Amino acid sequence: MKQIEQHEHVNAIIYQSNKEGKSCCGDSFFIKADDEELICAVADGLGSGQYANESSSLVSEIVEEYGHEDVAALIDRCNQAMKNKRGATVAILKVNFSQQQFTYCSVGNIRFILNAPSGDYIYPFPTSGYLSGKPRKYKTYTYSYEKGSIFIMYSDGLNVPNMRMCLKHGHSVEDIAKQLETYTQDKKDDLTYVLGQLT
Ligand SMILES: [Mn+2]
């Protein structure tokens with residue numbers, strides 16, 4: 001499936017496909033923007049199929065319901081929700097358009113890269129492991145960004161040899177999504193990406 005989100009300050013393409021032979025996706029995502037901010041989450045439930053989806057979709061539900069809270073509080077809520085579930089790797093991004101800043105937190109294998117028009121790039125380090133419900137503090141990072149920056153947040157079903165170059169040489173999110181098509185065909189795992197330009 002492919003979804004397009006267009007708002008005043010963000011233009012995004014979301015792509016998701018299931019692992020070969022699976023009717024249920026173990027990845028989940030949530031994205032919402034208004035005039036003030038963008039909130040976005042990608043989660044990969046441990047394992048595959050229904051139980052994986054049960055964990056990852058909880059993340060989407062929490063971020064939808066409590067999206068007004070800060071990223072650290074959201075990660076905490078997601079972690080608590082993983083008690084007695086399989087668990088999930090999770091990344092949450094919150095962008096404040098007027099301040100031109102974003103906050104990001106990732107636990108596990110969801111990756112994020114932002115490429116700025118000036119050529120600078122931001123690649124926040126994820127914390128290793130996954131959310132399992134065990135109490136723990138996770139580090140969030142806050143950065144400033146340039147207008148026109150393009151970011152991608154993606155699960156480990158997407159394997160691109162040089163994602164940064166792909167972002168750098170793409171003229172628009174539509175153009176980059178086209179370039180990514182070749183990498184979405186192998187279906188060895190559930191795959192999700194959120195690709196967006198901050199304008
Ligand atoms: Mn995966």
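The model is predicted, so local features need pLDDT of at least 70 and side-chain atom pairs count only at pLDDT 80 or more, while totals for chains, interfaces and linings use all residues. Residues are numbered from 1 along each chain as its sequence is written, and side-chain values use heavy atoms, with hydrogens and water left out.

Helices (H or I, at least four residues) and strands (E, at least two) are DSSP runs, numbered from the N terminus. Of the 8 residues in β2, 8 are buried, buried meaning under 20% relative accessible area, with exposed over 50% and partly exposed in between (1.4 Å probe, protein chains only). Val 10, Ala 12, Ile 14 and Gln 16 point one way from β2, Asn 11, Ile 13, Tyr 15 and Ser 17 the other way, and all are buried.

As for neighbours, two strands pair if DSSP finds at least two bridges between them. β2 pairs with strand β1 (residues 2-6) in the antiparallel sense over 5 bridges, and Lys 2 has Tyr 15 of β2 as its bridge partner. A hairpin of 3 residues joins β1 to β2. β2 also pairs with strand β11 (residues 191-198), again antiparallel, over 8 bridges; here Val 10 stands opposite Leu 198.

Next comes an open sheet of 5 strands in the order β3-β4-β5-β6-β9, with antiparallel pairing. β3 (27-33) and β9 (141-144) stand at the edges with a single partner strand each, so one side of each lacks a neighbour in the sheet. From one strand to the next, the twist averages 10°. Within the sheet, β5 (residues 88-96) and β6 (residues 101-107) run antiparallel and are joined by 7 bridges, with Leu 93 opposite Tyr 104 in β6.

Helix α1 (residues 50-66) packs on this sheet, touching β3, β4 (37-45) and β5, and its direction makes about 10° with that of β3. Axes are lines fitted to C-alpha atoms, for helices over the stretch in contact, and angles run from 0 to 180 degrees between N-to-C directions; contact means heavy atoms within 4.5 Å. Helix α2 (residues 71-81) lies across β4, β5 and β6, running at about 160° to β5.

The two helices also meet each other: α1 and α2 pack at about 140°, with their axes 10 Å apart. The contact is made by Leu 58, Val 59, Ile 62, Val 63 and Tyr 66 of α1 and Leu 74, Arg 77, Cys 78 and Ala 81 of α2.
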